[in-house]
Each structure stands twice: as structure tokens, then as C-alpha cells.
Amino acid sequence: MMQSIFWTGRLLSRALRNGLSNFSSAAELNVSTTKHPYLVSVVCGFPKDIANGRTRKGQFGDDAWFSTNSSNADVIGVADGVGGWRAYGIDPGEFSSYLMRTCERLVQMGHFKMTEPGDLLAKSYYELLEHKKPILGSSTACVMILDRSESVMRAANIGDSGYMVVRGGRVVHRSHEQQHYFNTPYQLSLPPPGHDRNVLSDRPESAETSEFTVECGDVILVATDGVFDNVPEPVLVAEMRRAQGLAGETKKLQAVANSIAWMARNLSFDGCYMSPFAKSARQNGIDAIGGKPDDITVLLAIVAL
Amino acid sequence: MQNSDIISSLFWFKNESEEEDKDHLILEQFVHNVEDFSSQYGSEISVSYTAFNLRGPPSNFPDYGDYPQAFVMVKRTYGTWWEEAPSAQKDYMPQNASAITSQDFVEVSFEKAVYPLEVSIFETYNPGALVRIWALGPTTWMLLWEGEPEYVGDTPRIFSPPIRQINVPTRILRLEFNHKLLPYYTELDAVLLRGRQPANLAKHLRNNFSYSSLFYKPVVEKGQLLNRIIASNLHENIAPQIVTPRNQKQIDTGPPLGDFQQLPDETTLCVMKYLDIQSLCRCAQVNRHFNRLASDCILYRSIDLRPYWHCVQSQVLATLSMRCKFLQKLDLSWCGSHRMIQPNYVVNFLKDSGAELTHLRMNCCKFVDNSVLRAIVDTSTSLQELCLRSVVGCTDWICLSALKKLKRLDLYRTDITTSAAVAIIRSNPGLRHLNVGSCKMISSMDEVAIALGGNCPNLVSVDFWKSYSLTPNGIRALGNCKKLQELDVGWCLQAGGSGEWLGWLSVGELRKLFLGALRGVCDRDLRSLIPRAPKLAQLDLLGVRAVTADICDSILAECKDLRLLDVSFCDQIQEAQVVEWREQYPHVSIKRSFQSANLNTAPNPLFLAPSLE
């Protein structure tokens, strides 16, 4: 009992800290625009292995995220490093984290086209090849760019991370999972030399892209599969509904993100729960039950004017 | 990371606060744009290690280490290794070099013109290479600071040398570097210019106007010449001859100076041969006797104007061309920025004096366009060496294939195409040195390599740096070049899948081998190479992940001539091992680059054995 209270406290404080780091960036956005829509975003998440997981900014275990802005665009993204690389002595979090950090840098340097989020992912991926330090591994990724002057959101998604947009309490847009086969998503990879043939590697150009206009008050959830595999969509939508109109109250918004992450975390370790992941497994002829323990990243954003 | 975030945010703050100081605004600006540079480590299509990283506030400072977010220069860089390589080049006129030579430069612009008060360079890796700071005024370049290169150890620093106050506002700075004392590449994060804004807005606007007029007005007019003379020594000495040729009779009224006239001309000329251009020009002003001797064509067989890039204008070429009947070697590198030299002057100069040219360097020259290329081809048919590094803006590269006697061709970072490169190689079977590094328009480097293998049996050095289209098929063709001493295939990622092709090369003479970032090269490939390459002196294995300490042990023990070994970012080699090697093989310089900050520390050891499943 004591143990669990201790954990809860620690997790919440961590969630709060992560949230707070993002209030500041949201506040900056407030200053820069007056008429055009912009994003207010918060983040929360947990590494699968909390005891030993990373606590660096921008990472939850092997997941990574970023949220940044250029003069006329807000850009957010998540990536989920593929854990299988651990067996090869490769840190799976490194690839995803470099991928996201490079995206962030490209945006800040203005080296991206607002109309092509897929191109941003591709550029970031090719930039990894330019590092002196060899970066190996693979990752799914989802990047969203809000073009403030046109109120258009453009997204690129590769693999089973994804986004969901709720307007007026209903899902109006969502990404589609890209899988080769069950539990094997599309992924960007840089395999160790010699393993090229045995490793799934999808070209960054194969990212699924989409484009839609956004309205003030839209709630956008960008998350890794740790969330979508464990929390059923109706529950996610119910939570996101609570976030509507919280653009000015980032603390409350943070609370919603925390609760989604916390829910995903709890469900993922629930052994007798019929999770979306388990349902999908059954459809593929695998007799499974329970959540899917995974790193969890929740990036929750509201379109504000 | 957190630290640098805080620091850079502080700088932004400072940047925006313009404090009032006796009607003048003190302004602090970070780099707005990078106008020009001599070389960069990063490739043309990426942002890592490129000059563009100088823009804006520092992104790494005060973290110290080898990061892709910084600007890294490359080639002829750190230490003296590049001078020891088979492809080393000598100055045409070493007497011209000032006490402090420079190897690289970068030119940066800021948003607003100011009277500079302070220039701060944020150095995040191997600081100490800066030797000069220049500011571009309305008419000329002005030297703000000059100092010896130094080695200050492994520590980040903000370098703000005391600068000369100038009375014109500037928004363009050029920094010159000399890396000879550094143990490894230097990396720069940002440049901060602190300066006083011109007092009132009207004046400010006028200043802006003079910039644009500088760029678009054809340069030489006699009335303007005086302005330039004031600031440029070279002009001070060359120009008067043009301006006042009719006065010459009056100059030579007195008796000849001393007994110099009794010496045979040959003797005086022999002495004068050791003079730099500036002194020669001064001699020419002493009297008619000296003028005749100092203008003698025999003294102008090799001319190196690179040290005078800041003051060489079109007029200098026009003046020199009278003395250059026997000109064989000409170095105009770095000259002609901001339209200080017009292409038509170069064309005329080449037509008048270029017939005997055997060596020509025009690295980083903005005036090189198609007309200049054609003039080279038309007049200098016996050219043996042609260096056009970082030359952009020409399209007619294929015309260079009319040259037949080239021994050295340097096209680093140009936009030559595959077909032009192949045509040039085919017509120059005597080619010994070729640099086609970072040529982004060469879509199939394999064709170039195959042409080299088929046509150039005497090839000594070839540089394919960052050629993403080079594959093992192309390299296989190089096996025909039995005299190959130097091969740089660093960052040829397509060739890096495996290192089998090392076995196809003729490496008996090989002295320098750069395999940077060829991730797939492994111990087996090197194992078979070592006994065949007894002369190997420089080996770069940066980022070659699979290479282990075992093979490096063998390399160090068996390659007796080895002097440079770069094992940076080789994951399999432990730091302690490198320390041990350094003790055991003191004659070998073993390089080990690093990233110091916590964001790249080794992963928590526990993550390899997760406990919670």
C-alpha cells in the first residue's frame, strides 16, 4: 500500500514537472500571434520501466517528443523507438530522440516546408546519416504542422504512433495505423551494416500524410502506440472532450493529459483487461488478453485563437 | 542542454534590449546570414556541421564537444597533416605570406550596420584558430583584429579580442582561421557583433544605400580610386603608375640612387626575386631604374594574390597584366568578393597574360563565370593545375575538357555535372590529383571513378568526400590506378555498406586513407589491407562502428609509417584503450573526438537489463 502511494506521488510529480516545462513554451506562443490560431500544448508520459527509465526532457523511455514553433507555424511530434534493438546492444531511444530533436532543430532553423510534414520527417531522417556518431535503430513517428496563417494542420505519420482530432466532442480526423503485419508497424530505420536485409526499413517518403483545416477549440492528441493500444477510443474521446475550452488554463489541460497517460499506464499493466491491443491480437488469431506494457507519450494540444 | 537553453534565452533577451547611450543605440546581434565560406564539414544537402549553424544564438554553448549543430571547417585543417599528405599544395609565392597565414574563412552578415565595438566568437570545440577579423565598409575591407593562432586546450570559450575602432558602420564580417596548432577540428557555434548604431535614421538609410550601390555599380572609376588607395596597401603602390604615367619624366630628374646602377641588372633582379608583391611595387616607385627592374616580367612568373584578397580590385589585374608576359602560376583565390573584381577584367587579363599559364588557382572566387572558364580554356592551353574550389555560378564546365595537360584538378564543392567531369577526365590522361568532394550535381560518381580508372593510370590522389552516389562498383575501377597514394572516401555512404572493395584497390603506394563514416567497414576488410599497404601514414576510421580494438592493435603494430589514426566515434573502442595506445605508440597521433554534455552520455547501464517486464 505504502509502495503504491509512493509511486503515485512520484509519478504525479514527474508528470507535473513535464507539464510545467511546457507551460513556458505555450506562453511564448501567446505573445507571438494575435489573430491567427496557434497551439497550446502539454505533454505527459511514462517510460515502461519507471525505475530505470530516462527522465531527460523530450523522452519517455524509448519514446521521444518535441513541440516547437517557427515564425508562422507550430510543430509537434512524437516518435517511438523500436525496442527490438536492445538485443543488439543498441539503445532504441537514441534513434527516436535524435529524430525528434533534429525535427525541432530544422523547424527552428526554418529548414522545412510548412506544406510538407513528410518532407520534414524525411529531412530529419537523412540528417541522422550525417552524424559523426553512428546512430542506429528504428522508430515510428508522427509529425504535425499547424500553418497559422491558413489555419491548416498537416500531418505525416509513419507506423503506429498517431493523432486524433476532436471537435465538438466527436472525432473529426485521425491517423491510420501503418503495419506490415500484426504488431510490426512501418518504421524508419538505420540498421547496423550487414543487417540491412533482415531489417524492416520503410522510406520516409512512405509516410501517410493528411491535411485538414482546424478551428479554434479543436483538441489534438498526438500519442505513441502505448496510448492507442491500451486506452479504447471512446475513453480517449471522453477525456479529450474535457479538454475543450481549456486553452487558457494550461494547468487543467495538463491534468487531462496526465489522466490519459495515467490511464494508459494503469491499463497497460492490467493482466485481465481486453485492451485494444488484445482485441487486435485476437483478430490476428493470437489468444491474448491484458494491456500492452509500453512507453507512453501523450502530447495534447488545443487550437487557440 | 538545459544550461545552453538558459544561456541562449539570456542572449536573446540581451539582443532585444537596445540601450540608449548618448543618442546612440548599442546593438547586439547574432549572425543573420552566412554569405560565404571556404569549406565546411557538412554536406551541401544537410544542416549538420555546416556553416549555416553559425546563424542565430548559440545552440550548444557552453557544452563542449563535437556536435552537428556547430560549424566545422574541413580540408587543409587541424595540425599539419594536410601538408604531409600526397595531395599537399605549395604556395606559388611564399614570400607573399604574412607572418600569420590563414587557411579558411567564413563571411557572415548581420541585420543592421553598426560601428563595431566588440566581436565575440562562441567556440565550442578546439578553440584558438581565429587569426583575423575583417569588416566590410562602404568601399573596402578593414582589419579589426589580427593575432597568432593558439591552442588553448579543451574548453569552450567566448573569444572577444580587442578590436580596432573604425569610423564607418559595417554589417558584414569576415573571419579568417589557421588550424595549424589545433589537435582536431575546431567548431564554432555563433558570432556576436556588438556595436553602436549610426546616430539618426536618415544617416542609417544612407549607409544602406551605399551598400547596395557597392554591389551593383561597376567598380573602377578614377575619382573613386583615391578612397581605395587610402585603405589598401597594394593599391597605394600599384595604382599611381596608372594614374600618373605622364608624370614619369619629372620623377626621374635627380641622380640615380646610389651605386645600384653599377650592378648588373641580373644581380638586382636576383635579389628582387625574393621580394613579395607589395615590396616590388614599392621598389617600382623609387626611381626610373628601380621602376624598370621591379616591373621586369621575369619577376612576375608566379603571382599569389590570395594574401591580398581584401584589396585586390579589377584595376590591380589591369596594372599587373603589363608585367605578366611570362606568367606561369597565378593564385587569385579568395579575391573578388563583393564585386571587387569584374569577370571581364579577369577575361582580359587571361587573354593578355594567360598564354604561358601552367598553374591557376581561383578558389572561392565569385567572379568565375562561364566567360572566365572559356577564357581559361582558350588562352591557357598548357594548364597543368586548375583549382576552382567552392566556385559557384558557372554552368559551362564541359568546356574545360578542351584542356589536355592537367595534372591537378580541384573542383571541391562546385556544381560540375557528371558528364562534364567524365569528359575532363577523358581528355586529361595525365591527371594525378583530383578533388571532386561535395560536388552535389554529380549524380553518378561511379561514372567519374570508372573514367578515372580507365584513363588515368598515374593517379596519385583522389578525394570523393561526401559523394553519396559513389558505390563499390566505382571504387573497383580505381584498382587500375597502381600509383594511388591517397584516397578519401569519407562519408561516401553508399560505398559504406561493406568494405570488401578495399581488397580491389592497389594499395602498395597508399599513404593516406580516409574511411570516415563508412559504417560497414569491418575488421576483416582492414585485416587484408594492412599487409598490402606498408606505407600507410594517415588512416581515418571516424564513426566506423564495427572496427574493434583488435584490428587497431594490429594496424598500430604493423604499419610502421603510421602517424595519424582517427578512431572518433568508433563505438567498439574504449577510451581506456586509446589512452593505452597513446602511451605505447607516441609517434602516432591518435584522434578521439567526443561529445561532453549529458545529452549524449552513455545510456544507463540498467537499461540493457530491464527489470520490470
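Me: How many salt bridges are there between chain A and chain B?

Reply: In this predicted model, the count between chain A and chain B is three.

Me: Which residues meet in one of them?

Reply: One of the salt bridges joins the side chains of Lys132(A) and Asp66(B), with an N to O distance of 2.9 Å.

Me: And how many residue pairs are in polar contact across that interface?

Reply: The rule finds 12 residue pairs in polar contact across the interface of chain A and chain B, with both residues at pLDDT 80 or more.

Me: Which element gives the most to the side of chain A that touches chain B?

Reply: That is helix H2 of chain A, residues 92–109, which contributes six residues.

Me: What is that side made of, by class?

Reply: The side of chain A that touches chain B has 13 charged, 12 nonpolar and three polar residues.

Me: How many residues are in contact, and what area do the chains bury?

Reply: On chain A, 28 residues are in contact with 41 residues of chain B. The two chains bury about 3000 Å² between them, and 53% of this lies on carbon and sulfur atoms.

Me: Why quote an area at all?

Reply: Because the size of an interface is often given as the accessible area lost when the parts come together.

Me: Changing topic to the fold of chain A: in what order do the five strands of the open sheet run?

Reply: The order is E1-E14-E13-E7-E8 in chain A, and the pairing is antiparallel. Strand E1 (38–46) and strand E8 (170–174) of chain A are the edge strands, each pairing on one side only. On average, neighbouring strands of this sheet are turned by 20 degrees against each other, direction ignored.

Me: Over how many bridges do E1(A) and E14(A) pair?

Reply: E1(A) pairs with strand E14 of chain A, residues 296–304, over nine bridges in the antiparallel sense. Within E14(A), Ile296(A) is the bridge partner of Phe46(A).

Me: Which strands does helix H5 of chain A touch?

Reply: Helix H5 (residues 233–243) of chain A packs on the sheet and touches E7, E8, E13 and E14 of chain A. The direction of H5 makes about 55 degrees with that of E7(A).

Me: What about helix H6 of chain A?

Reply: Helix H6 (residues 250–268) of chain A lies across E1, E13 and E14 of chain A, at about 35 degrees to E1(A).

Definitions and conventions. Residues numbered from 1 in each chain as written. Chains lettered and ligands numbered in written order. Predicted model: local features only at pLDDT ≥ 70, side-chain atom pairs only at ≥ 80, totals over all residues. Heavy atoms only, no water. Contact = heavy atoms within 4.5 Å. Buried area = accessible area lost by both parts, 1.4 Å probe. Salt bridge = Lys/Arg side-chain N within 4 Å of Asp/Glu carboxyl O. Polar contact = N/O pair within 3.5 Å; in protein donor to acceptor, adjacent residues only side chain to side chain. Helix = DSSP H or I, 4+ residues; strand = E, 2+ residues; numbered from the N terminus. Nonpolar A, V, L, I, M, F, W, Y, C, P; charged D, E, K, R; others polar. Pairing = 2+ DSSP bridges. Axes fitted to C-alpha atoms, helices over the stretch in contact; angles between N-to-C directions.
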